[in-house]
Structure formats: C-alpha cells, structure tokens
Amino acid sequence: SVVTPKGYAPLLKSFDDFYQRRMYTRIKDCWERPICSRPAAWIDIMERVSTDFNKTFTFTKKTIHALNLGSYNYLGFALNPDHVTKEIFNSLDQYGIGTCSPAGEFGYTAVHRDLEKEVAQFVGKEDSVVFSMGYATNSTTFPCLAGKGSLIISDRLNHTSIVRGARATGAKIEVFKHNNMKHLEHVIRQAIVKGQPKTRRPWKKIIIVVEGIYSMEGEMVDLKTCVELKKKYKCYLYVDEAHSIGAIGKSGKGICEHTGVDPADVDILMGTFTKSFGSVGGYVASSKAVINHIRRTSFSPLYGSSMPVACACQALNALRVITGEDGTNIGKERLQALARNSEYFLNGLRKLGFEVIADVGSPVIVVMLYNPGKMPGFSRECLKRGVAVVVVGAPATDILEGRVRFCLSANHTIEDLELALEKLSEVGDLTNTKYMKQKMLQG
Ligand code: PMP
C-alpha cells in the first residue's frame with residue numbers, strides 16, 4: 001500500500017520546526033525559482049500559479065525575463081561561447097556523459113589529470129586533486145587532515161561545507177569572530193596555553209581555516225595577517241577560494257595574487273569550478289605529499305563517481321582562457337570587466353543609501369536588511385521589476401542578519417547595472433530598507 005504523508009510524520013517531526021512552518025514554506029518562492037534558461041546576464045524564470053507552497057508548484061508557460069544578479073557566473077563561462085565548448089563536444093563523443101565510477105576505485109581520464117596539473121600550476125602549488133563537487137571537496141578533505149588531538153580554528157562565517165567537514169574530523173573546533181585577526185590571535189594563544197581538553201597535552205596540529213571571499217559578506221580575508229599568525233604560532237593555513245579563484249587578482253589567481261601573498265605560505269588552497277569556471281566540481285591544491293595523501297584517503301574521490309569528463313573539459317578550457325593559453329585576450333578582458341562591474345555596482349548601491357558590506361573588487365556584494373521579515377518583500381518586488389536577486393537569512397546567517405546578495409558577472413553591461421540600481425532604489429524606498437543602520441540606531 002502507498003504510505004501517506006501522515007505515515008511519515010514521525011520521520012519528519014524533528015525537522016518540522018518554527019522556521020520551516022512559519023517562514024520557509026511561505027517564502028520559498030524567493031529561492032526555488034523555476035529557471036528555464038542559461039545563467040546569463042539576463043535569465044528566464046517561469047511564472048508560478050500555485051501559491052500553496054506546501055504543495056508541488058505549478059507553473060504557467062509564461063516566463064519572466066529578468067536581470068540575473070544571482071548566479072556565480074563571474075566570468076560568463078557558463079554560457080558556452082565557442083571557445084569554451086568545442087572540446088566539450090568531442091569529449092562527449094569520446095567519454096560519454098557520466099563517468100559511472102569513482103577515480104580511486106576504477107580510474108580517471110587524461111582530462112581530469114590535465115585539469116589537476118594545470119590548476120596546481122595556476123595557483124602555485126605542486127599538485128592538486130579534483131572532486132566531483134565543491135561541497136564534497138571541503139566536507140571530505142578535512143577528515144583527511146585532522147582528527148582527535150588536532151585543533152581547527154575556523155572563521156565564524158565559513159561555508160557550511162567547511163563546518164561539516166571540520167565536524168566530521170573529531171578534532172576540537174574553535175571559532176573566531178568573522179575576519180577579526182585580533183580575535184584569531186587570541187583564540188590561538190588561548191588554545192596553545194590550555195592544550196588539549198583534559199590531558200592538557202599540546203595539540204597535534206592546529207589548522208586555521210578561512211575563505212578568500214566570504215560568500216555571505218563579499219568581504220576578503222586579511223590573508224597577510226593570517227600568514228603572519230600561522231608562522232608565528234606554527235599552525236597550518238587552509239583557504240577556500242570558491243569565490244575568489246578566477247575572480248580576483250590581476251590574472252585571476254585569486255586571493256594570494258590580490259593580497260600579494262606567496263602561495264607557498266598557504267598550506268592548502270581549495271577552490272570550486274562552479275563559479276568563475278562555469279562548470280561543476282572542486283579541487284584541493286598543495287604539496288605532492290599532501291595531495292597523494294588526500295587522493296588515497298578522501299571519501300569523495302575514493303567512493304564517489306568522478307566529475308563528468310565534459311565538466312572537467314569545461315573547467316580546463318575556462319582555465320586556459322583565463323591564463324591566455326588559448327591565444328586570446330578574452331580572459332584578461334573578462335577579469336577587467338568583472339572588476340569594473342563590481343566596483344561600479346558597489347559604489348552605486350552605497351550612493352543610494354543601502355548598507356553595503358563587501359570589499360572593493362569583490363564580485364559578491366551584500367546589502368543588509370537585518371529584519372528577516374524584509375526579505376520576501378524585497379525579493380518579490382525586485383522580481384516584479386525584472387531583477388532576480390538572492391535573499392539570505394537563517395540558518396545561513398544569524399536570524400537578525402537577513403540580507404540580499406548580488407553576484408556580478410563580466411557579462412553584465414554598465415546599462416544593465418544602471419537599470420538594476422534604478423529598480424533597486426525603488427524597491428529600497430518601498431520596503432524601507434535604505435539607511436538601515438541609522439534606522440536601527442534610532443530604534
Ligand atoms: N565553499 C564556498 C565558500 C562556497 O560558497 C560554496 C558554494 N557556493 C562551496 C564551497 C561549495 O561549492 P559547490 O557549489 O561547487 O558545491
């Protein structure tokens with residue numbers, strides 16, 4: 001017999017919390033959008049009919065054509081222009097679509113290996129290993145690096161894949177205030193003085209974990225100080241470059257290049273192919289010895305099927321465009337366009353009176369709304385005006401730290417961004433979300 005939803009009630013009970021019942025189901029139209037086009041500067045989204053969000057959505061055939069400020073397509077490579085696709089079609093012919101086997105169990109292709117070698121060279125490390133998913137890159141790498149008796153010191157706003165990976169290690173985890181180097185030093189010193197819980201023995205190792213650009217803030221890490229601290233206290237440094245690789249630095253080499261840090265001073269550089277490379281998957285780059293160890297022990301390459309070859313091919317081609325190895329200037333031009341767009345949009349939002357957090361040059365730009373009640377109105381009013389944005393709240397942020405996140409692309413034109421700023425200004429007035437800090441201080 002068919003099991004009714006009621007029959008599942010005990011299974012689901014512990015997940016049926018206040019947030020799910022009162023908030024998420026009522027506003028999930030702001031997130032689960034039925035997208036029906038490529039993640040270009042403009043995107044097509046199907047119009048919804050059903051407003052009962054507990055039921056399956058139904059859609060009309062009508063689509064909304066909206067300016068896309070939500071995809072991580074920083075350099076526009078997800079759009080498959082000719083120079084990125086030609087080998088991909090060949091790879092589909094030669095290798096098919098799915099690999100249907102994990103690399104560590106059965107084997108992997110020359111395309112995967114080329115990607116690993118070229119990524120390592122690009123980021124300034126001896127070797128790298130690729131994963132089929134960025135999330136799994138973090139969540140299955142940490143258990144290869146730390147265990148009982150180790151200490152992981154993590155920024156409060158690190159991505160959930162880092163948090164989950166760190167928790168799976170069995171190591172002690174300490175969290176430092178977001179991007180606060182004074183607090184990081186304080187946490188390191190305290191931890192060294194106290195030693196391991198109960199035994200008071202010195203830590204087997206201490207790993208500091210940060211992101212190049214924080215995905216929920218758009219702020220860049222103070223990498224120089226992180227390196228100073230890691231050297232001073234003999235720690236290891238792990239940097240997640242999901243949003244910074246191929247997005248910042250003069251030649252797209254990420255946060256090390258942007259901040260003038262020698263990649264040799266960062267022990268592990270992790271990144272994903274889902275953003276600037278317009279593909280899927282992730283990598284970890286480090287010394288040969290560390291990479292061999294991760295390849296042998298990480299559950300994702302060992303037991304999860306490897307990245308589809310066409311996706312590895314897409315990442316490899318995008319990388320060669322960024323480095324200029326394809327013989328064109330396209331990579332350089334896109335990096336410049338992205339930097340120009342990011343700065344233009346950041347200044348525009350500031351001028352309008354929004355409370356913006358993001359560093360100049362970051363393609364991730366965040367406007368604080370604070371009150372989570374403002375999120376659905378802001379998102380829907382934007383979409384009504386043809387601008388698709390991402391609103392973020394709990395559990396990704398603290399409950400009173402609701403925000404809107406914009407992702408810029410080299411594909412946006414200045415006219416696109418002017419239009420967006422005009423519409424956002426209207427929405428800001430309508431939802432009363434400009435000058436939020438002043439309003440909050442006034443009570
Ligand atoms: N790290 C960070 C900082 C991220 O923001 C994300 C996802 N946006 C990931 C890792 C996971 O990457 P993916 O989406 O490629 O699985």
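Which residue of β14 does Tyr370 stand opposite? Here are some friendly notes, with the answer in point 3.

1. A word on the model before anything else. This is a predicted model, in which local features need pLDDT of at least 70 and side-chain atom pairs count only at pLDDT 80 or more, while totals for chains, interfaces and linings use all residues. Residues are numbered from 1 along each chain as its sequence is written.

2. The protein chain holds 16 helices and 14 strands (DSSP runs numbered from the N terminus: helices are H or I with at least four residues, strands are E with at least two). Its radius of gyration, 22 Å, is close to the 22 Å given by the globule rule for 443 residues, so the chain is as compact as a globular protein of that length (taken over C-alpha atoms; the rule is 2.2 Å times the number of residues to the power 0.38).

3. An open sheet has four strands in the order β10-β11-β14-β13, with antiparallel pairing (strands pair if DSSP finds at least two bridges between them). β10 (356-357) and β13 (390-392) are at the edges with a single partner strand each, so one side of each lacks a neighbour in the sheet. Between β11 (residues 364-370) and β14 (residues 402-407) there are six bridges. As for the opening question, Tyr370 faces Gly402 in β14.

4. Helix α13 (residues 330-352) lies across β10, β11 and β14, at about 20 degrees to β11. Contact means C-beta atoms, placed from the backbone, within 7 Å; axes are lines fitted to C-alpha atoms, for helices over the stretch in contact, with angles from 0 to 180 degrees between N-to-C directions.

Technical notes:
Two residues are in contact if their C-beta atoms, placed from the backbone, lie within 7 Å.
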